[in-house]
Amino acid sequence: QVQLVESGGGLVQPGGSLRLSCAASGRSFSNYPMAWFRQAPGKEREFVAATRWNGGNAYSRNYANSLKGRFTISRDSAKNTVTLQMNSLKPEDTAIYFCAASSTRGLIVGNLPDTGSYDYWGQGTQVTVSY
């Protein structure tokens, strides 16, 4: 049974940082896309970042345009984990953050932001940015 478990969420002041982690179990995703999405109250789930295998030890990273420069996605294929480093956090970053994994190895870049591209989801971790 495949499971994705997020951790690292919490309360942080504006301008602070958090590091989210997602541990996958049940199968390896080292050669498959993994991503982070977020959902704020009353809003649709939105794409944050994704990492995709490009062969060998190479992975590409894609980000929502509005988050470039503040968020960094990385993965450890040996540990089957993906992390999201979030810096300079703003109150509008408050949301539940979800980890996702796809079973489609050759997922094209244009499809990375689509929730329908992912087959497995974690339960989410709450991130609150406030004083």
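1. A residue is called buried when its relative accessible area is under 20%, exposed when that area is over 50%, and partly exposed in between, as found with a 1.4 Å probe on protein chains only. By that rule Asn80, at 10% relative accessibility, counts as buried. Asn80 is placed in the loop between β7 and β8, where the strand names follow DSSP runs numbered from the N terminus (helices are H or I runs of at least four residues, strands are E runs of at least two).

2. A word on the basis of this note: the model is predicted, so local features need pLDDT of at least 70 and side-chain atom pairs count only at pLDDT 80 or more, while totals for chains, interfaces and linings use all residues. Residues are numbered from 1 along each chain as its sequence is written, and side-chain values use heavy atoms, with hydrogens and water left out.

3. Most residues other than glycine have a negative phi. Ser88 is another such case, with a positive phi near 50°; Ser88 lies in the loop between β8 and β9 and, at 40% relative accessibility, counts as partly exposed.

4. Thr81 is found in strand β8 and, at 19% relative accessibility, counts as buried. When neighbours within four places in sequence are left aside, Thr81 is in contact (heavy atoms within 4.5 Å) with Cys22, Ala23, Ser74, Arg75 and Asp76.

5. The structure holds three salt bridges, a salt bridge being a side-chain nitrogen of Lys or Arg within 4 Å of a carboxyl oxygen of Asp or Glu. One of them joins Arg38 and Glu46, with N to O at 2.5 Å; here Arg38 is buried at 8% relative accessibility, whereas Glu46 is partly exposed, with a relative accessible area of 36%.

6. Arg38 also meets Asp93 in a salt bridge, at 2.9 Å from N to O. Because Arg38 lies in strand β4 (residues 34–39) and Asp93 in the loop between β8 (81–86) and β9 (95–101), this pair ties together parts that are 55 residues apart in sequence. Asp93 is buried, with a relative accessible area of 1%.

7. Asp93 has a salt bridge with Arg70 as well, the closest N and O atoms being 2.8 Å apart. This pair links distant parts of the chain, with Arg70 in the loop between β6 (59–63) and β7 (71–76) and Asp93 in the loop between β8 and β9, 23 residues apart.

8. Tyr97, leaving aside neighbours within four places in sequence, is in contact with residues including Leu20, Trp36, Val48, Leu84 and Val127.

9. There are five aromatic pairs, counted where rings of Phe, Tyr and Trp (its six-membered ring) have centres within 6.5 Å; planes under 30 degrees apart count as stacked, over 60 as edge-to-face and the rest as tilted. The ring centres of Phe37 and Phe47 are 5.6 Å apart and their planes lie at 70°, so this pair is edge-to-face. Phe37 is in strand β4 and Phe47 in strand β5, so the pair ties together parts that are 10 residues apart in sequence. Phe37 counts as buried at 0% relative accessibility, and Phe47 is buried with a relative accessible area of 10%. Phe37 forms another edge-to-face pair with Tyr118, at 5.4 Å centre to centre and 75° between the planes.

10. Phe37, Phe47, Tyr118 and Trp121 form one aromatic cluster. Trp121 lies in strand β10 (residues 120–121) and is partly exposed, with a relative accessible area of 25%. The charged end of Arg45 sits over the ring of Trp121, 4.9 Å from its centre, and over the ring of Phe98, 3.7 Å from its centre; the rule asks for NZ of Lys or CZ of Arg within 6 Å of the ring centre and within 35 degrees of the ring normal.
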